[in-house]
Amino acid sequence: MSSSISRRATLACLAGTAVLMGTACSSTKSDAVAATAPDALRLDPTRFEKQTVTVGGQSIAVRAYLGVPYVAKPVDAAYQVINIYVPEAYYQNAKVGDFDARTAPVFFPNQVGGYMPAKPGTAQAVTQGPSAGKPSTIAAALLKGFVVASPGARGRTLKDADGAFTGKAPAAIVDLKAAVRYLRLNASVLPGDMEKIFSNGTSAGGALSALLGASGNSPDYEPYLQAIGAAPGRDDIFAVSAYCPITNLEHADAAHEWLFNGVNDYRAIQVSMLDFNMVRKEVAGTLTPEQIKVSNELKPLFPAYVNSLKLKSPQGQTLTLDASGNGSFKDWVSGYVLSSAQGQLDAGKDLGKYSWINIQGGKVRSLDFDAFVRYAGRMKLPPAFDALDASSGENNLFGTPATDNRHFTEFSVQRNTANAAVRAEDKLVKMMNAMQYIGSRDARNAKRWRIRHGTIDRDTSLAIPVILATALQNQGYAVDFAMPWDQGHAGDYDLEQLFAWMIQVARSS
């Protein structure tokens, strides 16, 4: 019996339709492998809720496996769980769109923001925040025929009963890898093609999505996976969707000042809690002379990093920067903004208010990049990520069980103003950066990528996603990268385009 036929038979047995397929219900090789795993790692296919998910007047019946532990030895049982949603049609030998129980791709969206702890996503409509009232991305994916598996993950602020921090790096990426392994272990009892897992995330979640796609099967994570009782096996994935990934943290400060140096006025985002809800407030200000000095010191560090990467355009041009921060790489970044503007013009949008755009004959001929940066505006103070007083969320990410915050760059260690702040280990910093695994012989990279970063997203430098996309392209991978016009820091804002890309990629592979 072939693996695909035996798996269909297993699914039919679960649905009670084996007679229709003319197949007896019997165990398979995959079942035998799952049987050797701890009970905590075997999905009980009979324990589900029946739900009806509705989006835009369309409804679909699904089976929801909620709060399923994906590790045998959880550190935090509230977060190391996964929600799995399967269209009911797949248990009835039917199709949703072009997919069936065997061919349906698996959508794997994480909910991480700010490297904070995140519960699994649900198929229910969003009830809070700027997206209140909108259908969830999970619901939209189910209507398209995807099996959805949304993992929870530990984050930087978690503590155990003894007060030890339990979610510092690399906890979040280790958890996502464990969830992928769990899905593969239970492939015989779940509809969906576990060789076509599409990760998705925004901001820090986008960085984790990219890291998951770049670091597949890397031995760096194996001791951490074993410690939490992850399933043995592979954790590489098929494709990556990443919105505004806050990644490449050890070079993000220099990249930020390469872009924003000279822009001294800022509009910072101040986050506070009100009635258990996160409130984001914009606070305006101007850099102090000391902060300007830090910016001036960081900017010159960036060209050397860019030049060390030996990035190339599709035409073979080496992308570099001179000592002042100008050069072909800057033109390359500017070109993405120009292309985004051209897309708006082609769509009939009036760009007349943007004085820094040069339009002739219905074409965007050029733009004043420095004027564009002033239009986008500065949000973060230098250093943007490894704060000198070790107070940033990223400093918090690299803490230890006993230490809340640590530096992760030599620059900030040398200028440290915090009490007893030390630097995180190089290997740990590496393990949180997708760039460190692209092209590595010790990791299996996903070969299909979709990356989006808005033109006025100021949370990280535009250079960061451009470097990520270009490095992937230089490896020969298929990369769909764009900068949506006047889009700020957000994700999942173009679901129709996202799912169209996913469907096309799934069909063609």
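**Backbone notes**

Guide: A390 sits in the loop between α12 and α13. Helices here are DSSP runs of H or I, at least four residues, and strands are E runs of at least two, numbered from the N terminus. This is a predicted model: local features need pLDDT of at least 70, side-chain atom pairs count only at pLDDT 80 or more, and totals for chains, interfaces and linings use all residues. Residues are numbered from 1 along each chain as its sequence is written, and side-chain values use heavy atoms, with hydrogens and water left out.

Visitor: What is the phi of A390 near?

Guide: Near 60 degrees, a positive value in a residue other than glycine. Most residues other than glycine have a negative phi.

Visitor: Is A390 buried or exposed?

Guide: A390 is buried, at 5% relative accessible area. Buried means under 20%, exposed over 50%, partly exposed in between (1.4 Å probe, protein chains only).

Visitor: And D492, where is that?

Guide: In the loop between β13 (478-482) and α17 (495-507). D492 also has a positive phi, near 60 degrees. D492 is partly exposed, at 26% relative accessibility.

Visitor: Switching to peptide bonds. Which residues does a cis bond join?

Guide: One joins A169 and P170, with omega about 10 degrees. P170 lies in the loop between β5 (147-151) and α5 (171-185). Another joins P382 and P383, with omega about -10 degrees. P383 is in the loop between α12 and α13 (393-397).

Visitor: Back to α12. Which of its residues are buried?

Guide: In α12 (residues 369-376), they are F369, A371, F372, V373 and A376. G377 follows α12, with a positive phi near 85 degrees.
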